[in-house]
Amino acid sequence: MSVDPEETVAEAVAVRAGKILRVGSNEEIDALAKSSAKVIDLGGRTLLPGFVDSHEHVMRRGLMMDWVNCRSPPVETIQDIIDGLASKAAGKPEGEWVVGSWFDETKLSDGRWPTRYDLDEASDRHPIYLGRAGGHTAVANSLALEATGITKDTPQPEGGHIGMDESGEPTGRLDEIAAMNMVRGRIPQPDAEETVRLMVENWSTIEEMLLSWGITTVHEAHIKAPEALAYQELDRVGRMRTRVGLMLDGMAPYKGYATGDLARQGLRTGFGWSDRLYVIGVKIGVDGAMGSLTASLREPYANDPENYGINRVTQEELTRETVELHGAGNRACIHAIGDWAIDIALNAVEEAVDSAPREDHRHRIEHAGYVRPDQLERMARLGVAVSASIGFCHPIGDSHIAALGEDRLCGYYPMKSFQEHGIVAGGNSDGFGENWPITGIAGCVTRRSSGGEYLCREQAISVMDAIRAYTVNGAFLEGTEDEKGSLKPGKLADMVVLDRDILTVDPLDIVNTRVLMTVVGGEVVYERDS
Ligand SMILES: [Zn+2]
């Protein structure tokens, strides 16, 4: 499928010098192919443009290779987590830290949080830190608490919470960054040079994962200096196969670069080292995350009626940064999940656009997790594009139903409404789940969570439109829709081959689709062993 506006279904594609030469029937392309041409017979399988995933955090995964992945599935019980941590500890000298990640208590059959005592069973000779999915909560074992000096007498940190039982003893649970950092700050970190070295060393494993999911372009949300250095090194030695669009770190409240400095340095959107590595914008942000009830909402959380979430910046701060970026020719990529945060983001963009009118600025809202109808109108009027985390729908949609409640679900990543309002929306998973583009496409089409609940079926879009979100719309979000995102002569030859025809399979089967082959710039960079 070419994903052109006519929705052509082609049989064959000819490629030359990394670009698409021609799309047509088998006969047409056969006639074109010189005897020396490499011909790949796809046996009638579905060929699509390569996927553009518009918001992930990939490079820093290179620093997590030693972590124990406690994601569910496959993890089902606290005992599974204990077993995983125990086997990691067994391979480490006594006293060395063991770090686990991605657990989600809502998916454990135990129906409770793991405690320090559970983790003590994994090891009482290694300090253990176990992060929850979403990055806003963690659990530490007794040795880790001891190493940190957390006791029943420790005062609660500002902006965070140390879990205590009835007798006042710490349970090991740590809520929000302020509490988590008390323990996490004790884990020895590699220095800057070692950090870059580790990321460069582990890149091929991460890139292989991306390519196996058909991702030919990924937007790296929020990179700091070490990630940038690692990417530059990989590009320099020709090791970049996936294309990576960088959102520079402009999160001043999190000690990112001041947007004013970026503006002065003249590093503009579109600046690039090659067609594999380039700057697509600057990441700034407003609120937290929906699963951890820190995304900011105008009406409180359904499962926490006093809680409206957290805004990490003031309107004035965000407006100042957005105006500055806009004025300097940079694209603002604004993290805003709840509708309150989206109001703040739109106010900032409006001010920027008013200060210096510019057609087609393509400032982006990252995520846009709960959008009110009046905000859709405003997004359309301001020309704001959206990098929608519809990839959340399947893996963590259940926790979002609990957070938003039934009444607000039709504003949850409202892909249909975006389309109806002419708002260009790409898709992403922000690191959750796996097989990101396919899982996201399934979410767009079915609006079904892994728990079998539906998140407003009226917001479902067609399979073809879901594919667009993950191809040409993603390209639009970085300003390259003339170069990639569909199979058209002259465009980059970035393609994926799927194991089933997702246009005709049962929609509930889409999520099981696997990528068989991935091509970047005409080169086969991934092939699934079958
Ligand atoms: Zn993110």
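**Salt bridges, cores and domain contacts**

The side chains of R243 and D494 form a salt bridge, with N and O 2.7 Å apart. A salt bridge here is a side-chain nitrogen of Lys or Arg within 4 Å of a carboxyl oxygen of Asp or Glu. R243 lies in strand β12 (residues 243-249), whereas D494 sits in the loop between α16 (472-478) and β19 (495-498). The two are 251 residues apart, so the pair links distant parts of the chain. Helices (H or I, at least four residues) and strands (E, at least two) are DSSP runs, numbered from the N terminus. Both R243 and D494 are buried. Buried means under 20% relative accessible area, exposed over 50%, and partly exposed in between (1.4 Å probe, protein chains only).

The model is predicted: local features need pLDDT of at least 70 and side-chain atom pairs pLDDT 80 or more, while totals for chains, interfaces and linings use all residues. Residues are numbered from 1 along each chain as its sequence is written, and side-chain values use heavy atoms, without hydrogens and water.

The whole structure holds 34 salt bridges. Among them, R468 pairs with D465 at 2.9 Å between the closest N and O atoms. Both residues lie in helix α15 (residues 463-469), 3 residues apart, about one turn of the helix. R468 counts as buried because its relative accessibility is 15%. D509 and R500 also meet in a salt bridge (3.0 Å, N to O). D509 is partly exposed at 24%, and R500 is partly exposed at 22%. A network of salt bridges links R298, D339, D343, R372 and D374.

The chain divides into domain 1 (1-39 + 462-530), domain 2 (53-57 + 192-461) and domain 3 (65-184). These bounds come from an automatic or database domain assignment. The largest nonpolar core has 102 residues, of which W203, M379 and F418 touch the most other members. Domain 1 and domain 2 each give this core at least three residues. A nonpolar core is a set of buried Ala, Val, Leu, Ile, Met, Phe, Trp, Tyr and Cys residues joined through side-chain atoms within 4.5 Å. A second, separate core of 17 residues includes I82, A89, W113 and I128.
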